[in-house]
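Biologist: Before I rely on any of the labels attached to this fold, I would like to hear how each one was reached. Could we go through them one at a time?

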Amino acid sequence: MPRRTRYNGAMTLRTLIIVVIGLLSPAPAIADGLPGRVAEGRVEGVEPGAILRLDDGRRVRLALLEDNPAVTGSLTDSLTGTLGALAAGRRVTLHWPTEQHDRHGRLVAHAVRDDGVWLQQALIAEGAARVVTFSDERTAAAALLAVEDTARRAGHGLWGSAAFAPLAALDVAAVDRMRGRLAVVEGVVASAAVVRGRLYLNFGQDWRTDVTVSVRPAALRTFPPEAREAAHWQGRAVRVRGWVQRYNGPLIEADHPEAIEFLAVEQ
């Protein structure tokens with residue numbers, strides 16, 4: 001399972017129009033608010049998994065993009081081709097809070113082209129990739145999630161496939177089939193509780209069998225103070241992104257705030 005994983009009643013989300021609270025303003029056309037530069041170079045080539053190969057031999061994994069071919073399947077080639085068209089032969093500046101490498105020795109960063117185009121944003125806007133966040137990989141997540149939400153509602157790229165549609169939290173069997181894989185799940189919190197410092201969000205009437213989201217005590221301390229209280233979640237519509245486990249029913253561990261998005265619900 002990946003090493004890391006964001007912040008029912010009579011109604012179901014199928015009858016509602018959903019927009020993400022706080023992510024309604026259009027994303028900038030170029031990168032604004034990214035952290036300081038950590039490196040730069042010219043892109044010599046693009047490898048599967050959204051990997052840039054620079055002219056000095058360094059390899060760069062674009063942060064916050066899902067790069068698991070087992071999940072993306074044939075769309076991996078589309079992502080590689082789209083990124084190649086955007087980046088091949090161009091100079092890029094790499095942005096991250098500090099220089100960071102993944103376990104394969106690749107730099108992890110946001111990449112901004114020499115004309116100001118933010119590569120992650122451009123890929124997500126086209127529906128060529130989806131966002132994945134981790135407790136130690138969250139920088140600029142809110143901006144990218146906003147772009148993804150727009151692409152999803154427009155049916156761009158992978159969002160035109162039913163296979164990538166968010167799963168309904170009340171469809172326990174569908175969520176359970178995603179065990180060991182990244183899932184995006186939407187639902188209304190039927191009940192919430194904090195037990196020995198751990199937050200539980202339940203979407204059905206039986207927590208022993210229904211979909212549950214759990215936030216460990218240490219992770220919960222990174223959430224805003226109001227979000228550490230069970231009452232804050234009761235009856236709220238949320239979109240949860242994380243790897244599905246099984247503990248009683250299907251379980252997603254959210255270990256950072258960006259794993260959970262609040263949704264505004266309109267009749």
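Modeller: Let us begin with the term itself: a salt bridge is a side-chain nitrogen of Lys or Arg within 4 Å of a carboxyl oxygen of Asp or Glu. Please keep in mind that this is a predicted model.

Biologist: What makes the contact between Arg153 and Asp149 a salt bridge?

Modeller: The N to O distance between their side chains is 3.0 Å, and the cut-off is 4 Å, so the pair qualifies. Arg153 and Asp149 are separated by about one helical turn, because they are four residues apart in helix H4.

Biologist: Why is Asp149 called buried?

Modeller: Its relative accessible area is 2%, and buried means under 20%, so Asp149 belongs in that class.

Biologist: What makes the pair of Arg239 and Asp149 a link between separate parts of the chain?

Modeller: Their side chains meet in a salt bridge at 3.3 Å, N to O. Arg239 lies in strand S12 and Asp149 in helix H4, so the pair ties together parts that are 90 residues apart in sequence. Arg239, with a relative accessibility of 3%, also counts as buried. Both Arg239 and Asp149 belong to a network of salt bridges, whose other members include Glu186 and Glu261.

How values were computed
Residues numbered from 1 in each chain as written. Predicted model: local features only at pLDDT ≥ 70, side-chain atom pairs only at ≥ 80, totals over all residues. Heavy atoms only, no water. Helix = DSSP H or I, 4+ residues; strand = E, 2+ residues; numbered from the N terminus. Buried < 20%, exposed > 50% of the residue type's maximum accessible area, 1.4 Å probe, protein only.
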